[in-house]
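Please open the model in your viewer and have the selection tool ready. The tour goes from stop to stop, saying what to select and what is to be found there.

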Amino acid sequence: MTMKIFSGKLDVESVAGTLKTINGIGKDTGSTIVLFDAAKIAGKPHIESAVMHAERSFAEGKNIARTLSMEILVYASGQRQCSLAPRFGLQQGQNQVYVLILDGNVERAEQDIRGLVEESNEVTATRETLKREFGITEEEIGVVGEDRIGELVIERVAMLDAWR
């Protein structure tokens, strides 16, 4: 598996139109491409964990989404319902995003995506956003420490398998 993750900014007038363009790039390059709302992601390890779990669920025939890209969003969201996962993807307006490109011609896909996504510094979610999105309590933070909140998020991603 070849994987590339980078961050950037993207202005979205139409979520459906932008996803159609992104999916076209994926089809042309044989790649799976997922754009995440960076404000809800606990860094690259969060995405890497979601990818690992989603690929395994497809390999075992236990996926709940029809596409790998949606299954990755399901895991990234830590939710069991496909209808909730898009909150972690593109939104209308200005987006700070993480871009994930899997397999296929990753270099060409990245080049095409960078024509749409303006490069910017990596952004991760705030403590309060992660607490809200993943149901993390102050007690949990007190036990593991403030600097390990990302690990609590990754634990939620992994727990999705047990909750199924």
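Throughout this tour, a residue is called buried if its relative accessible area is under 20%, exposed if that area is over 50%, and partly exposed in between, as computed with a 1.4 Å probe on protein chains only. The model is predicted, so local features need a pLDDT of at least 70 and side-chain atom pairs count only at pLDDT 80 or more, while totals for chains, interfaces and linings use all residues. Residues are numbered from 1 along each chain as its sequence is written, and side-chain values use heavy atoms, with hydrogens and water left out. Helices (H or I, at least four residues) and strands (E, at least two) are DSSP runs, numbered from the N terminus.

Select Phe88, which counts as buried because its relative accessibility is 0%. Rings of Phe, Tyr and Trp (its six-membered ring) pair if their centres lie within 6.5 Å, and planes under 30 degrees apart count as stacked, over 60 as edge-to-face and the rest as tilted. A search of the whole structure finds one aromatic pair. Phe88 and Phe134 form this edge-to-face pair, with 5.6 Å from centre to centre and 70° between the planes. The pair links distant parts of the chain, 46 residues apart, with Phe88 in the loop between helix 3 (68-77) and strand 3 (93-102) and Phe134 in helix 5 (residues 127-134).

Then follow helix 5, where Thr129, Leu130, Lys131, Glu133 and Phe134 are buried, to Gly135, which comes after the helix and has a positive phi, near 60°.

**Second stop: the strands**

Now select strand 2 (residues 32-37), which is largely enclosed by the rest of the structure because five of its six residues are buried. Two strands pair if DSSP finds at least two bridges between them. Strand 2 and strand 3 run antiparallel and are joined by six bridges, and Val34 stands opposite Leu100 in strand 3.

Next, select strand 1 (residues 3-12), which runs antiparallel to strand 3 and is joined to it by 10 bridges. Which residue of strand 3 is the bridge partner of Lys9? The partner is Gln96, and in strand 4 the bridge partner of Lys9 is Glu118. Strand 1 and strand 4 (residues 118-119) also run antiparallel, joined by two bridges.

Select Ala76, found in helix 3, which counts as buried because its relative accessibility is 0%. The C-alpha atoms of Ala76 and Phe36 are separated by 8.8 Å, although these residues are 40 residues apart along the chain.

Finish with Asp103, in the loop between strand 3 and helix 4 (106-114). Is Asp103 buried, partly exposed or exposed? Asp103 is partly exposed, because its relative accessible area is 30%, and its phi is near 55°, a positive value in a residue other than glycine.
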